[in-house]
Amino acid sequence: MKKRIVSVLLAGAMALSLAACGETAPAATTEAPAAEAPAAEAPAAEEKKEEPAPAVEEKKEEAPAEEAAADAGEALTLNMWCIATESDSNRHSYEAAIADMAANHPEITLNWEAFENQSYKTKIKAAVAADEMPDIFFTWSCAFLGDFVDAGKVYCLDDAYKAYASELPEVMMGNSTYGGKHYGVPLTMNIVGLFANMELLKQVGYDEIPGSYDEFIKCCDALKAANIIPFGCAGKETWCVTEYLESVIEKSVGADALNDIFLGRATWNNADVGAAVDEFQKLVNNGYFDPSGAGLTNDEVKANFMAGKYAFYMNGTWNCADFAANADFKDKVKVSEFPVINADKAKLGQLIGGPSDTLAVAASSPNAEKAADYTFELGKLICHYGYLDGCGLPAWTPYGDTSGINPLTQAVSEICAKADSYVLFGDTAMSADDATTYLSYVDQVYGCAVNGTQFIEGLASDIR
Amino acid sequence: MAEQVKVNKPSKQRRKRDLILGINIFLFLLPALFLFVSILIAPIVVSVYRSFQDWNGMSEGVFIGLKNYRKLFSNSVTLNFVVALKNSLMLAFFSVFVQLPMALGLALVLGRKPKGERFYLTVFFMPVLISTVVIGQLWLKIYNPDYGLLNSFLKLINLETWTHIWVSDPKTALGSIIVPTIWQYVGYHMLLMYAGVKGVSPDLREAAMLDGATAGQVDRYVVIPIIKPIIRVSVIFAVTGSLKAYDLVYILTGGGPQKLTEVPSTLLQEQLFLANKYGMGSAISVMLIILCFACSLLITAAFREKDK
Amino acid sequence: MKDNKNAKAMDFDTTYVPKKSNPVVKVVITIILIVWTIINLFPIYFMFTFSLKSNEEIFGTNVAGLPRQWLWSNYSRAMGTGNMGLYFVNSIIVTAASIMISLIAAMMATYAITRIKWRASKLTNAFFMLGLTIPIQASIVPVYVVLSRLHWLNRYSTLIIPYSAFALSMAILICTGFMVEIPYDLDEAARIDGCGLWRTFYQIIIPLMKPAYATIGIYSFLQCWNEFMFANVFISDSAHRTLPVGIQQLSGSYTTDWGPIGAALVIATFPTLIVYVVLCKRIQESFIAGAVKG
């Protein structure tokens with residue numbers, strides 16, 4: 001019964017928009033319901049099931065639509081691929097945003113599919129190679145999207161961006177700008193955070209996360225002596241190792257030096273980097289890392305951390321949502337910045353991260369222009385709900401009531417507010433080819449198969 | 001041999017009939033040829049062509065000659081084809097010298113008609129029917145370092161020192177792939193060989209027994225020589241299957257730790273879809289085809305040699 | 001005639017039983033058989049029991065025993081989030097269609113190769129046998145590019161066509177084994193009666209090849225049912241996803257709650273196993289027939 005009402009309503013709304021509305025200006029819906037995040041979940045699910053129904057209606061209406069006017073009111077179906085699977089912490093923000101979009105744009109039907117992260121990379125690349133992309137697709141910024149842009153497969157968003165420039169700062173578009181043109185709509189931005197289980201730290205006499213590196217090491221030794229494993233890290237997914245390694249490198253050599261290396265402006269062959277890698281390996285060899293972690297996936301390690309198996313967990317701040325949502329765990333966890341190792345070159349406020357999650361529009365889309373407007377609007381909503389949920393910091397200027405945001409995300413906000421510079425995740429900053437090379441070397445470092453010198457020399461010769 | 005249509009002196013009528021016959025033959029072959037050429041042969045030709053290119057799958061490829069192949073055999077950290085090859089040969093080795101003897105032993109034993117023959121046959125074939133993905137997931141649960149069955153069992157019997165992080169300890173990772181692979185397909189080869197064993201005529205056995213041969217000797221000198229062709233097929237399947245191995249490696253170790261358990265197919269997938277190197281990926285697939293092919297020929301030749 | 005011979009090889013009672021078998025050897029053999037049975041059944045038992053347990057039991061208090069509390073709710077959770085039912089049906093559709101297509105194509109090709117005399121028939125056969133050694137991975141990219149240019153992704157046929165092609169070589173191999181045993185006199189007689197090639201094929205060969213169908217079906221089934229790589233890359237919408245990909249995705253979403261994963265594994269596995277156990281005699285015989293003929 002309920003379903004039928006919804007579909008009748010939808011059909012009615014669609015007919016209305018077809019008959020009457022001459023102009024659905026893209027910016028007309030800026031006042032999206034702000035504080036409805038939890039309530040929006042049910043309609044979102046409903047909406048998704050309803051998809052086939054409006055699609056049928058839409059065919060029926062096609063003829064009058066053409067007569068009426070060939071403008072914004074025309075019924076349209078867009079396809080989108082993303083990685084917000086049911087287990088993903090971003091799932092809810094996608095559902096809520098899409099539900100809002102369906103209400104605001106009844107003439108547009110969005111068919112969306114979510115895929116598991118690793119297999120999505122395969123799928124989207126194969127689809128790009130074969131010109132089989134959906135209208136809108138999720139992508140990582142910088143090099144990942146850059147490969148597609150170079151191949152001319154991505155629709156340029158410059159025209160659509162004008163209408164949103166006031167809400168979406170130019171600086172946030174930086175990672176998806178190529179040759180001065182904008183190609184992506186950023187969603188949230190994230191940094192690497194040092195999460196700590198304060199309950200475990202208290203057992204060895206620490207009430208705060210140690211602020212200096214020496215203290216930090218002492219703390220790890222104390223934890224080890226108390227039979228508590230300091231770090232959890234998923235060896236099966238190399239990007240998890242980079243969350244630790246890149247922080248160690250950055251806090252040893254400084255953000256600028258690392259940025260230059262990642263972006264290809266400086267050689268890998270940098271003795272300071274080598275020394276930092278050796279420092280990281282010292283942490284490994286001291287037994288600070290959980291040895292079982294080498295055989296686990298990130299989800300498993302994260303669950304172990306939440307179950308109190310590790311004292312520290314270095315990972316993206318998108319985890320704040322899941323940590324804050326866990327009633328048992330949310331009071332035990334704190335987040336902070338990795339301490340400075342070499343104060344001559346690095347300082348606090350130099351962070352790893354930046355806006356990476358991005359939506360882009362396929363150049364091959366027959367409705368690219370409308371898809372572009374739609375993507376901006378959708379991106380803004382996903383960002384909004386994602387921020388409310390604690391999935392990361394907003395790339396868009398936040399609006400509405402944000403006081404309910406969990407304390408962890410607020411703490412991250414504070415860290416970012418004091419930030420001095422950002423270095424984007426290495427595997428995102430580099431081209432696919434270089435990133436695989438880089439990740440192989442990181443893997444070798446974690447397994448102590450190469451040392452710092454071999455790491456820098458190998459990368460210097462294998463990349464470019 | 002089929003004799004119904006003979007081709008004799010070419011007369012006009014003959015030629016016309018030949019033509020019609022030719023068209024008919026072609027029509028009979030058409031569905032199979034279509035599938036075969038479009039899905040197997042044409043892609044291979046394309047792969048060979050692409051393997052000489054540096055191609056990222058999106059823009060135009062650049063012709064680079066044998067560079068991809070040369071890189072395959074230069075020991076690099078990123079792309080260690082030699083290690084991958086060694087791993088699949090290890091897998092092949094264990095398949096041929098552990099899995100197949102086990103299968104043969106079981107087939108021979110079941111051929112002696114023990115009690116419950118049908119039951120054993122049914123049970124031993126079961127793993128073959130289970131999806132490899134299921135097997136992989138199941139074994140991950142067995143290998144799990146913290147809660148897995150294997151480590152829990154070792155702790156239970158006070159062999160705590162024997163516990164390992166099975167899938168990511170460089171010492172045990174390859175082994176932890178080999179064990180489920182062997183386990184899953186013993187039943188497959190057993191049933192193939194069992195078919196052969198059952199095909200041996202009872203008279204032959206009886207004759208050998210009357211000559212004073214023990215059951216073991218009968219198996220050794222009568223049964224095995226007769227089922228040799230089936231053993232050959234099993235060896236070919238086991239070796240090419242090992243070279244093609246993918247699913248279990250992908251699920252259990254993903255090629256890790258430190259790329260020590262990569263096999264050609266996981267490298268292929270990585271080059272294609274993670275590094276965007278379609279040219280290199282094509283070179284790996286060409287190598288795979290050549291290897292599978294060469295192994296089949298070698299095995300066939302080896303068996304022929306033995307027969308002489 | 002040939003059916004008889006076939007049946008004889010299969011008949012379990014005609015095998016010669018050694019009379020003076022050593023009792024020690026017998027005991028050893030029985031022990032080996034029982035041990036191997038346990039090794040084969042235990043993982044299945046383990047999967048079934050952990051699908052009904054809570055994490056607490058799986059992670060320590062009761063690793064391998066029977067569940068203390070039978071948590072059937074794990075199943076509803078796996079069914080609810082995982083869409084396992086749909087994936088199962090998809091797998092059946094794809095596998096069944098692939099078997100049908102490869103069977104028909106193989107029958108026709110084998111007929112042309114074995115029962116019509118022409119110069120290149122042997123060569124053609126050898127050509128098809130190439131497929132036995134070609135790894136399926138080798139063609140994934142070119143096939144993907146072609147299928148996508150034809151806008152042929154995300155349908156059942158996206159998987160059915162490659163699967164049929166890869167099952168073809170084995171099917172032709174088995175078909176040949178069966179078909180050469182049909183007496184050639186039959187073709188001759190049909191020709192004298194005025195039957196053309198097609199009618200001979202349709203009226204004589206197809207009915208006489210019935211025993212081969214099950215055999216080819218089983219070999220093709222084993223190839224298609226478990227396929228993961230093509231299914232993972234070629235299908236992007238959940239409506240056409242097959243079981244292996246579905247399980248892999250589900251395992252990603254329940255990394256820590258083992259019960260529902262176990263339930264999904266059971267759902268994916270047990271129907272096949274049950275069908276197998278019910279039909280095991282016929283399935284084994286068909287499989288064996290393939291081995292003997294091929």
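Me: How many helices and strands are there in chain B?

Reply: This is a predicted model, in which local features need pLDDT of at least 70 and side-chain atom pairs pLDDT 80 or more, while totals for chains, interfaces and linings use all residues. Residues are numbered from 1 along each chain as its sequence is written, and chains are lettered from A and ligands numbered from 1 in written order. Helices (H or I, at least four residues) and strands (E, at least two) are DSSP runs, numbered from the N terminus. On that basis chain B has 13 helices and two strands.

Me: What radius of gyration does chain B have, against that of a compact globule of 308 residues?

Reply: The radius is taken over C-alpha atoms, and the globule rule is 2.2 Å times the number of residues to the power 0.38. Along the principal axes, the C-alpha atoms of chain B fill a box of roughly 90 × 75 × 35 Å. The rule gives a value near 19 Å; chain B has 25 Å.

Me: What percentage of the residues in chain B is buried?

Reply: Buried means 20 or more other C-beta atoms within 10 Å of a residue's own (exposed: 12 or fewer; partly exposed: in between), with C-beta atoms placed from the backbone. Chain B has 308 residues, and the buried share is 53%.

Me: Which helix of chain B gives the largest share of the side that touches chain C?

Reply: Contact means C-beta atoms, placed from the backbone, within 7 Å. The contact takes 77 residues from chain B and 84 residues from chain C. The largest share of chain B's side, 15 residues, comes from residues 12–50, helix α1.

Me: How many residues of each class are on the side of chain B that touches chain A?

Reply: Ala, Val, Leu, Ile, Met, Phe, Trp, Tyr, Cys and Pro count as nonpolar, Asp, Glu, Lys and Arg as charged, and the others, Gly among them, as polar. This contact takes 24 residues from chain B and 28 residues from chain A. Chain B's side has ten nonpolar, ten polar and four charged residues.

Me: Which residue of β12(A) stands opposite I136(A)?

Reply: Strands pair if DSSP finds at least two bridges between them. β3(A) and β12(A) pair in the antiparallel sense over five bridges. Opposite I136(A) stands V361(A).

Methods:
Two residues are in contact if their C-beta atoms, placed from the backbone, lie within 7 Å.
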